[in-house]
Amino acid sequence: MLSQYFQAPERIRAIRGGPCGARIEGFAERLFQRGYSEIAARRHIRAAEHFVRWALRRGLSDHDLDGQALERFGDHLSRCRCGRYGCAKPLEVLAGARLFFETPTGGR
């Protein structure tokens with residue numbers, strides 16, 4: 001389903017081959033099924049990637065992605081310097097990460 005939101009094959013491969021790639025693919029599928037627009041879905045997918053990479057940098061595994069990790073990620077966003085993900089709108093990033101966490105194929 002990533003191909004519904006991204007045209008560049010290298011971008012799709014990067015997401016699929018990255019941490020939790022299969023879970024992010026499943027998350028993208030759920031966003032598509034729920035009728036999310038391309039721009040909204042892409043934002044949520046980037047937020048999910050950011051959340052997962054942040055967690056891995058802190059030594060957390062996918063099994064550790066819980067409500068407490070999500071809260072810590074929210075704290076991180078106020079001082080984020082992750083460049084690649086951009087945190088100009090931390091509340092939107094946190095909302096996307098929360099949606100990923102709460103989506104059956106995207107979290108837990």
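Predicted model: local features only at pLDDT ≥ 70, side-chain atom pairs only at ≥ 80, totals over all residues.
User: How are two packed helices described?

Analyst: Two numbers do it: the angle between the axes and the distance between them. Take helix α3, residues 38-57, and helix α4, residues 67-77. Their axes come within 11 Å and cross at roughly 100°.

User: Are α3 and α4 then roughly parallel or roughly perpendicular to each other?

Analyst: Angles of 65 to 115 degrees count as roughly perpendicular. The pair α3 and α4 is therefore roughly perpendicular.

User: Which residues make the contact?

Analyst: From α3 come Ala47, His50, Phe51, Trp54 and Arg57. From α4 come Ala69, Leu70, Arg72, Phe73, His76 and Leu77. By class, the contact of α3 with α4 has 7 nonpolar, 2 polar and 2 charged residues.

User: What describes a pair of aromatic rings?

Analyst: Again two values: the distance of the centres and the angle of the planes. The whole structure holds 4 aromatic pairs. One of them joins Phe51 and Trp54, with 6.3 Å centre to centre and 15° between the planes. Planes under 30 degrees apart count as stacked, and Phe51 with Trp54 is a stacked pair.

User: Where do Phe51 and Trp54 lie?

Analyst: Both are in helix α3, 3 residues apart, about one turn of the helix. Phe51 and Trp54 are both buried.

User: How many Å separate the ring centres of Phe51 and Phe73, and what is the pair's geometry?

Analyst: The centres are 5.2 Å apart and the planes stand at 55°, so this pair is tilted. Phe51 belongs to helix α3 and Phe73 to helix α4, so the pair ties together parts that are 22 residues apart in sequence. Both Phe51 and Phe73 are buried.

User: Which residues do the ring pairs link into a cluster?

Analyst: Phe51, Trp54 and Phe73.

User: Which residue lies over the face of Phe6?

Analyst: Arg11 does, at 5.0 Å from the ring centre.

User: Where is Cys20 found?

Analyst: Cys20 sits in the loop between α1 (9-17) and α2 (21-33).

User: Does Cys20 count as buried or exposed?

Analyst: Buried means under 20% relative accessible area. Cys20 has 16% relative accessibility, so this residue counts as buried.

Definitions and conventions. Residues numbered from 1 in each chain as written. Heavy atoms only, no water. Axes fitted to C-alpha atoms, helices over the stretch in contact; angles between N-to-C directions. Helix = DSSP H or I, 4+ residues; strand = E, 2+ residues; numbered from the N terminus. Parallel < 35°, antiparallel > 145°, perpendicular 65-115°, else oblique. Contact = heavy atoms within 4.5 Å. Nonpolar A, V, L, I, M, F, W, Y, C, P; charged D, E, K, R; others polar. Phe/Tyr/Trp six-rings, centres within 6.5 Å; stacked < 30°, edge-to-face > 60°. Buried < 20%, exposed > 50% of the residue type's maximum accessible area, 1.4 Å probe, protein only. Lys NZ or Arg CZ within 6 Å of the ring centre and 35° of its normal.
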